[in-house]
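Visitor: Please take me closely through one part of this model, the sheet. Then set it beside the helices and the cores.

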Amino acid sequence: RAIMSAEGGAPAEDKSCLGGCCDKLKNMDPGTLSYIMKVINIVNAVLLMFTGIWVYIGGESSLNVLLVLASLYVICFSAILLIWELKLECCNICFLKNMGFMFSWRGRLLFFIFVGTLAFGLGTVGIVIGVFTFVNAAWNVFVVCFHPEYFERLRETAEKELRDAMVSEAAKFTANNADAIGDAALAAAEDGAKDQVDAKGWEGEAATAGQSPKPAAAAAGGLPAGWEMRTDEHSGTPYWVNATTGEQSWEKPT
């Protein structure tokens, strides 16, 4: 609706009811909005569960194998959605092991749509609740895109729940396998010590190999002063060197 300005110029915009609601939604506290969205999703999960149960108590159509299977799937999957929305920490490890996609809002959204699709095959009640589920899914997408602070809070909450579940599972695994972990750590320590000893041995051998052959004059005995016995590297034949004069001889000096 538009109202003409006093000067008769362009019409002044009158804020509509929809615009006011959008502004209120955008300025709403993320905690309050999270609570509202949780209540809506819980109601949706309960209605989906009721749809699966109604197949057996409503008598709307005759039961057959496909109808029974579809209703059981809807009941089980809606129970999973309900447990998730209730934030039962004891179930987070189970979600971590079997349904990790629940920690992502896109994964939960697709799961909601999947369960709503199954409800369409459960008669008139299923169609009504299925349509409500699709509308709720669209509403969740709208809120996530329209309210960045709510999306950030949703992401942080999911990451915290995932991190806590992983820490809890790691602590449980450590407690149940303390002996095996201790043995593995001991074996790793022994292997490290052995590697250090081998490294030192190789370093010692390399240092020894890098040194020139030590004179064997003292071992030879009976040599004049200043003479030393050495061994030719190529032939292995001993020869004698006078360290003072530099004289060399293949025959042992006397």
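Guide: Two strands count as paired if DSSP finds at least two bridges between them. Strands (E, at least two residues) and helices (H or I, at least four) are DSSP runs, numbered from the N terminus. By that rule, three strands make an open sheet in the order S3-S4-S5, with antiparallel pairing. Strand S3 (227-231) and strand S5 (248-249) stand at the edges with a single partner strand each, so one side of each has no neighbour in the sheet.

This is a predicted model: local features need pLDDT of at least 70, side-chain atom pairs count only at pLDDT 80 or more, and totals for chains, interfaces and linings use all residues. Residues are numbered from 1 along each chain as its sequence is written, and side-chain values use heavy atoms, with hydrogens and water left out.

Take the S3 side of the sheet. S3 and strand S4 (residues 238-242) run antiparallel and are joined by five bridges. Trp227 has Asn242 in S4 as its bridge partner. Met229 stands opposite Trp240 in S4. The two strands form a hairpin with six residues between them. Gly236 sits in that turn, with a positive phi of about 80 degrees.

Now the S5 side. Two bridges join S4 to S5, again antiparallel. Trp240 has Ser249 in S5 as its bridge partner. S4 and S5 form a hairpin too, with five residues between them. In this turn Gly246 has a positive phi of about 85 degrees.

How enclosed is S4? Buried means under 20% relative accessible area, exposed over 50%, and partly exposed in between (1.4 Å probe, protein chains only). Four of the five residues of S4 are buried, so the rest of the structure largely encloses it.

Next, the helices. The expected span of a helix is 1.5 Å times one less than its number of residues. Helix H5 (residues 105-119) has 15 residues and should span 21 Å; its end C-alpha atoms are 21 Å apart, which agrees. Its buried residues include Trp105, Leu109, Phe112 and Val115. Contact means heavy atoms within 4.5 Å. The cover over the buried residues of H5 includes helix H2 (30-57), helix H3 (65-85), helix H6 (123-146) and helix H7 (148-176).

Asn41 lies in H2. Its relative accessibility is 6%, so Asn41 counts as buried. Leaving out residues up to four places away in sequence, Asn41 touches Glu85, Phe112, Asn136 and Asn140.

Rings of Phe, Tyr and Trp (its six-membered ring) pair if their centres lie within 6.5 Å; planes under 30 degrees apart are stacked, over 60 edge-to-face, and the rest tilted. The whole structure has nine aromatic pairs. One of them, Phe50 and Trp54, is tilted: 5.6 Å centre to centre, with 40 degrees between the planes. Both residues lie in H2, four residues apart, about one turn of the helix. Phe50 is partly exposed, at 38% relative accessible area. Trp54 is partly exposed as well, at 29%. Elsewhere, ring pairs link Tyr73, Phe77, Phe111 and Phe114 into a cluster.

Last, the cores. A nonpolar core is a set of buried Ala, Val, Leu, Ile, Met, Phe, Trp, Tyr and Cys residues joined through side-chain atoms within 4.5 Å. The largest has 22 residues; those with the most contacts inside it are Leu48, Leu81, Phe95, Met102, Phe111 and Val115. H2, H3 and H5 each supply at least two residues of this core. H3 gives the most, with eight residues. Beyond its neighbours within four places in sequence, Phe95 is in contact with Ile80, Ile83, Trp84, Gly100, Met102 and Phe103. A second, separate core of nine residues includes Leu25, Leu33, Trp105 and Tyr150.

Leu69 is partly exposed, at 43% relative accessibility. Leu69 and Gly52 are 17 residues apart in sequence and 9.8 Å apart in space, C-alpha to C-alpha.
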